[in-house]
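This briefing goes with the sequence and model shown below. It is arranged by topic for reading alongside the coordinates.

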Amino acid sequence: MKKVAVIFTGGTISMKADERLKAAIPALSGEEILAKVTGIEKMAYIEPLVYGNYPGPHITPEMMLELSKITKDFIDRPDIAGVIITHGTDSLEETAYFLDLILHEKKPVVITGAMRNSSELGYDGPANLAASICTVCSSESMNKGVLVVMNNQVNSADEITKTHTLALDTFQSMDFGPLGIVDQDRVIYYRNRKARQHIMTDTIETRIALIKAGVGMDSSFIKYSVDSGMKGIVLEGMGRGNVPPQMVEGIQYAISKNIPVVLVSRCPKGRVLDSYGYPGGGKELRDMGVILGDNMSGQKARIKLMLILGVTNDMNEVKSLFEKGLYSTI
């Protein structure tokens with residue numbers, strides 16, 4: 001049998017209901033979670049490590065960087081087949097994408113969690129952890145980067161997003177669907193993931209604002225972000241990548257201060273493109289120097305910009321790392 005490292009960070013998978021609070025709180029140890037996985041001793045040798053017991057919203061970029069180093073230490077060991085990280089689902093996709101960008105390993109790294117705590121009927125944590133172990137132990141999971149395994153589906157970290165507040169199948173690859181499934185302890189892959197990017201850095205820039213465009217919005221938030229010391233801005237525009245015309249002044253102000261502005265769409269599917277030439281349209285924004293973010297979500301574009309600005313603040317390099325191979329002028 002293979003040896004698998006499991007890093008416990010917390011989240012709903014480690015929670016149970018508190019009688020006094022009448023709400024779920026972190027409570028289970030790593031050993032208690034593992035004990036709920038039936039037949040685990042027949043699947044793999046498990047080497048557990050407790051990083052902490054943090055709810056998803058308590059995770060920070062600095063913690064993600066630390067987790068990347070812990071994960072790499074495990075991966076570098078010849079006796080470890082792969083790594084599983086249990087995580088709160090509210091920020092799971094951001095940590096998964098952070099690790100996918102910063103790690104460049106052949107061995108599989110899987111992130112999983114639970115939508116129901118251990119006090120609820122249908123607690124899904126053990127099943128998700130079992131499916132994650134099956135995924136790590138499969139030779140077909142090599143060279144696929146960081147994977148998210150939930151509800152017997154295997155998805156890539158760059159495509160996955162949380163789509164529902166309570167559904168067990170909340171994690172979806174919106175545009176392309178899952179890479180594969182876990183069926184009776186066997187992982188079956190139906191497609192390959194798209195080419196991965198790798199951003200090697202030991203430092204990150206956390207001062208990145210995320211602003212969502214809505215009807216009638218002006219430049220106030222953008223100008224405040226620049227003046228308060230933000231080093232980058234991710235803008236969730238409308239539709240194909242457009243904003244109300246009142247926001248254009250603020251975007252130009254940010255770019256004049258050498259602050260990169262990355263444009264994605266607030267739509268859950270599809271990519272941005274400079275299709276529209278009216279005031280506030282994508283063509284005007286790109287001509288001003290706005291960087292296009294393809295089909296990324298705002299939260300993932302923010303993670304990527306954090307890592308990029310840890311390497312360089314050259315606007316052309318930042319633009320290339322977002323747009324190369326995706327837009328015709330790059």
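The notes below cover annotated domains, one annotated site, a helix pair, selected residues and the cysteines.

This is a predicted model, in which local features need pLDDT of at least 70, side-chain atom pairs count only at pLDDT 80 or more, and totals for chains, interfaces and linings use all residues. Residues are numbered from 1 along each chain as its sequence is written, and side-chain values use heavy atoms, with hydrogens and water left out.

**Annotated domains**

- UniProt, in an unreviewed entry, assigns "domain: L-asparaginase N-terminal" to residues 3-193; UniProt positions are in the numbering used here, feature names are shortened, and annotations may be inferred rather than shown by experiment.
- Residues 3-193 are 26% helix and 28% strand, with the end C-alpha atoms 25 Å apart; helices (H or I, at least four residues) and strands (E, at least two) are DSSP runs numbered from the N terminus.
- The unreviewed UniProt entry also gives "domain: Asparaginase/glutaminase C-terminal" for residues 207-322.
- For residues 207-322 the figures are 38% helix and 16% strand, and the end C-alpha atoms lie 18 Å apart.

**Annotated active site**

- Thr12 is listed by UniProt (unreviewed entry) under "active site".
- Threonine 12 sits in the loop between strand E1 (3-8) and strand E2 (15-18).
- Threonine 12 is partly exposed because its relative accessibility is 22%; buried means under 20% relative accessible area, exposed over 50%, and partly exposed in between (1.4 Å probe, protein chains only).
- Apart from neighbours within four places in sequence, threonine 12 contacts Gly88, Ala114, Met115, Arg116 and Asn117, where contact means heavy atoms within 4.5 Å.

**Helices H4 and H9**

- Two packed helices are described by the angle between their axes and the distance between the axes.
- The axes of H4 (residues 92-102) and H9 (residues 298-309) come within 9 Å and cross at roughly 35 degrees; axes are lines fitted to C-alpha atoms, for helices over the stretch in contact, and angles run from 0 to 180 degrees between N-to-C directions.
- The H4 and H9 crossing is right-handed, meaning that the near helix is turned clockwise from the far one by less than a right angle.
- H4 contributes Glu93, Glu94, Tyr97, Phe98, Leu101 and Ile102 to the contact, and H9 contributes Gln299, Lys300, Ile303, Lys304 and Leu307.
- The contact of H4 with H9 has six nonpolar, one polar and four charged residues; Ala, Val, Leu, Ile, Met, Phe, Trp, Tyr, Cys and Pro count as nonpolar, Asp, Glu, Lys and Arg as charged, and the others, Gly among them, as polar.
- H4 is largely enclosed by the rest of the structure because 11 of its 11 residues are buried.

- Threonine 135 lies in helix H5 (residues 125-137) and is buried, at 0% relative accessible area.
- Not counting residues up to four places away in sequence, threonine 135 touches Val110, Ser141, Leu147, Val149, Val154, Val182, Val187 and Tyr189.
- Serine 138 is in the loop between H5 and strand E7 (146-150), buried with a relative accessible area of 14%.
- Serine 138 and glycine 82 are separated by 56 residues in sequence and by 9.8 Å in space, C-alpha to C-alpha.

**Cysteines**

- The disulfide count is zero, taking a disulfide as a pair of cysteine sulfur atoms within 2.5 Å.
- The cysteine sulfur closest to that of cysteine 134 belongs to cysteine 137, 7.1 Å away, so the two are too far apart for a bond.
- Cysteine 134 is buried, with a relative accessible area of 9%, while cysteine 267 is partly exposed at 36% relative accessibility.
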